[in-house]
Amino acid sequence: MKHLTIYVLFLTGMMILASCNEKTSTMQAPDAEKKPKKLTAHGDTRIDNYYWMRLSDEQKHAENPDAHTQQVLDYLKAENAYTEAKLKHTEDLQEKLFNEIVGRLKKDEASVPYFKNGYWYYRRYEEGKEYPIYCRKAKSLEATEEIMLDVNKLAKGHDYYSAVGLEVSPDNKLLAFGEDTLSRRIYTIRFLNLETGEFLDDEIENTTSSGAWANDNKTYFYTTKNKTTLLSEKIFRHKLGNPPNADQMVYHEKDPSYYIGVHKSRSEEYVIIFESSTLSSDYHILKADNPTGEFKRFTPREEVHEYEIEHY
């Protein structure tokens, strides 16, 4: 009910702001230049007048923008300036609505703890901090809290930050997680030594964030994305200490209608690759004690066959 109330407040605020906006001056919005570009796919051709606004990841990361990037940035700045000018008279109302919404959120919320491999795991928030703190306690909830990852510290200096897909190694000594600083859900997997608090040199870019540990505590399976479509496409095997460009591909999904990923079975005995389409499921499995082995298909792939597997 709390979330419904907040959502209603948000919609009400947007309606009020829209109403106020109608009473502002006749300031003209910036007019984006049209540069027709033909795009053909599946035998169909369409015209995209604003294709020129697309920027590559290299252009977005560049310290010195090229002429194309600067043109896009100039237009976006003009849009932002227009929005700020049109809504200038509603700033007090915006602040009031924001405080009303935030005031209904619990400042020190915590998740329900769950037990896994000798530890109770949970995340919590602290008042005045925006990001979660991931914690655990050994054997009992009465034990001393161990902070694994304080995302507030990692987020410092970033306009956007997300840490997801946390996976602890079977020996409870290492933490793998995905880091995104662009808000494009393109993650870099990082590894943290939970005993020393130091990050390993291993960093794997262009991933879906989540993965699976083999039982040797040295091998980690992860999923990469197609850089054009951003679809999950390949599964790799990484051994700690080796450069990511030496990682071995263990699966390649060539059908773009399937999403893929890799995870550990609940029993911790298998690493499972899943492939999922609208009406079809497919799985490959590998004993977690044999990380250099070959994944075996669970059943032949069928066009219409949805199912799930689990090992207890």
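Reply: A residue is buried when its relative accessible area is under 20%, exposed when it is over 50%, and partly exposed in between (1.4 Å probe, protein chains only). Ser 265 counts as buried because its relative accessibility is 1%. This is a predicted model, in which local features need pLDDT of at least 70 and side-chain atom pairs count only at pLDDT 80 or more, while totals for chains, interfaces and linings use all residues. Residues are numbered from 1 along each chain as its sequence is written, and side-chain values use heavy atoms, leaving out hydrogens and water.

Ser 265 sits in the loop between strand S14 (259–264) and strand S15 (270–276); strands are DSSP runs of E with at least two residues, helices runs of H or I with at least four, numbered from the N terminus. A polar atom of the Ser 265 side chain lies 3.4 Å from the backbone nitrogen of Glu 269. Apart from neighbours within four places in sequence, Ser 265 is in contact (heavy atoms within 4.5 Å) with Tyr 270, Ile 272, Glu 310 and His 311.

Moving on to the sheet, seven strands make up an open, antiparallel arrangement in the order S7-S8-S9-S10-S11-S12-S13; pairing requires at least two DSSP bridges. Within it, strand S11 (residues 219–225) and strand S12 (residues 232–239) share seven bridges in the antiparallel sense, and Lys 225 stands opposite Ser 232 in S12.

Ring centres within 6.5 Å make an aromatic pair, stacked with planes under 30 degrees apart, edge-to-face over 60 and tilted otherwise; Trp counts by its six-membered ring. There are eleven such pairs. Phe 191 and Trp 213 are edge-to-face, at 5.8 Å centre to centre and 75° between the planes.

Lastly, a nonpolar core joins buried Ala, Val, Leu, Ile, Met, Phe, Trp, Tyr and Cys through side-chain atoms within 4.5 Å. The largest has 15 residues, and Met 148, Leu 149 and Ala 163 are among those touching the most other members. A second, separate core of twelve residues includes Phe 221 and Ile 273.

Conventions. A polar contact is a pair of N or O atoms within 3.5 Å; within protein, one must be able to donate a hydrogen and the other to accept it, and residues adjacent in sequence count only if both atoms are side-chain atoms.
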